[in-house]
Amino acid sequence: MAMWDRIKDQAKGLQQQTQGGRSSGGHGRPGSGSAGGGGSKAQLVGVLKTQLASLKTELKSGAYRDASMAMCALVAAADGSVDPAERQHVESLILQNDVLQNFPPEQLRQRFNKHVDQLSFNFQQGKTEVMQEIAKAAKKPMEAKAVIQTGFVVAGADGYIAPAEEQVLREACMALNVSPQEFGL
């Protein structure tokens, strides 16, 4: 637990720094680069990615794997659809993620694509099923927080976290009994 407390303190410190740099406290915007809210989120994503990697040896359970794949699919489909290029891009991010390399690539690909298919067929029904899968990680607080971090890393891979992505991350926090404020949401 001491490691998680240290990681949490680092994230809070970064969050305080980034909130101090925002004039309106708003969300990042496409093309904002490292200025304004977009840079703040990009910095937070970088810290979360590093923190997640430091937990690699502890994140080997099936619950984490399954909840993370559901989270990745939900982030990819946050706007209600997933085009083939976006699906391919997120799948690539998943397979390159240090922590997710704890699992066989075919298991990750299969679970991710199953969830994307559910969300693409009927977004509301698929979202309910995906959230149930995500909620299974709530039993272990460290894994629950790692699922949110994984979602942030995928959402922020393009340097911008869209409002729809922030919304599903907030909802996932609630499903996992994690405070959205820990992640600046």
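## Close-up views of a predicted model

The structure holds zero disulfides.

**View 1. Two buried cysteines, Cys 72 and Cys 173.** Cys 72 has a relative accessibility of 0%, so this residue counts as buried. Cys 173 also counts as buried, because its relative accessibility is 0%.

**View 2. Helix H3 packs with helix H7.** Two packed helices are described by the angle between their axes and by the distance between those axes. Here, H3 covers residues 62–76 and H7 covers residues 141–155. Their axes lie 9 Å apart, at an angle of about 35 degrees, and the crossing of H3 and H7 is right-handed. From H3 come Ala 63, Tyr 64, Ala 67, Ser 68, Met 71, Cys 72 and Val 75. They meet Glu 143, Ala 146, Val 147, Ile 148, Thr 150, Gly 151, Val 154 and Ala 155 of H7. Sorted by kind, the residues of this H3 and H7 contact are 11 nonpolar, three polar and one charged. Look again for Cys 72, a buried residue that belongs to the H3 side of the contact.

**View 3. Helix H5 packs with helix H6.** H5 spans residues 105–121, while H6 spans residues 123–135. The angle between them is about 145 degrees, and their axes are 5 Å apart. His 115, Gln 118, Leu 119 and Phe 121 of H5 make the contact with Phe 123, Gly 126, Lys 127, Glu 129, Val 130 and Glu 133 of H6. Four nonpolar, three polar and three charged residues make up this contact of H5 with H6.

Methods:
Residues are numbered from 1 along each chain as its sequence is written. This is a predicted model: local features need pLDDT of at least 70, side-chain atom pairs count only at pLDDT 80 or more; totals for chains, interfaces and linings use all residues. Side-chain values use heavy atoms; hydrogens and water are left out. Axes are lines fitted to C-alpha atoms, for helices over the stretch in contact, and angles run from 0 to 180 degrees between N-to-C directions. Helices (H or I, at least four residues) and strands (E, at least two) are DSSP runs, numbered from the N terminus. Contact means heavy atoms within 4.5 Å. Ala, Val, Leu, Ile, Met, Phe, Trp, Tyr, Cys and Pro count as nonpolar, Asp, Glu, Lys and Arg as charged, and the others, Gly among them, as polar. A crossing is left-handed if the near helix is turned anticlockwise from the far one by less than a right angle, and right-handed if clockwise. A disulfide is a pair of cysteine sulfur atoms within 2.5 Å. Buried means under 20% relative accessible area, exposed over 50%, partly exposed in between (1.4 Å probe, protein chains only).
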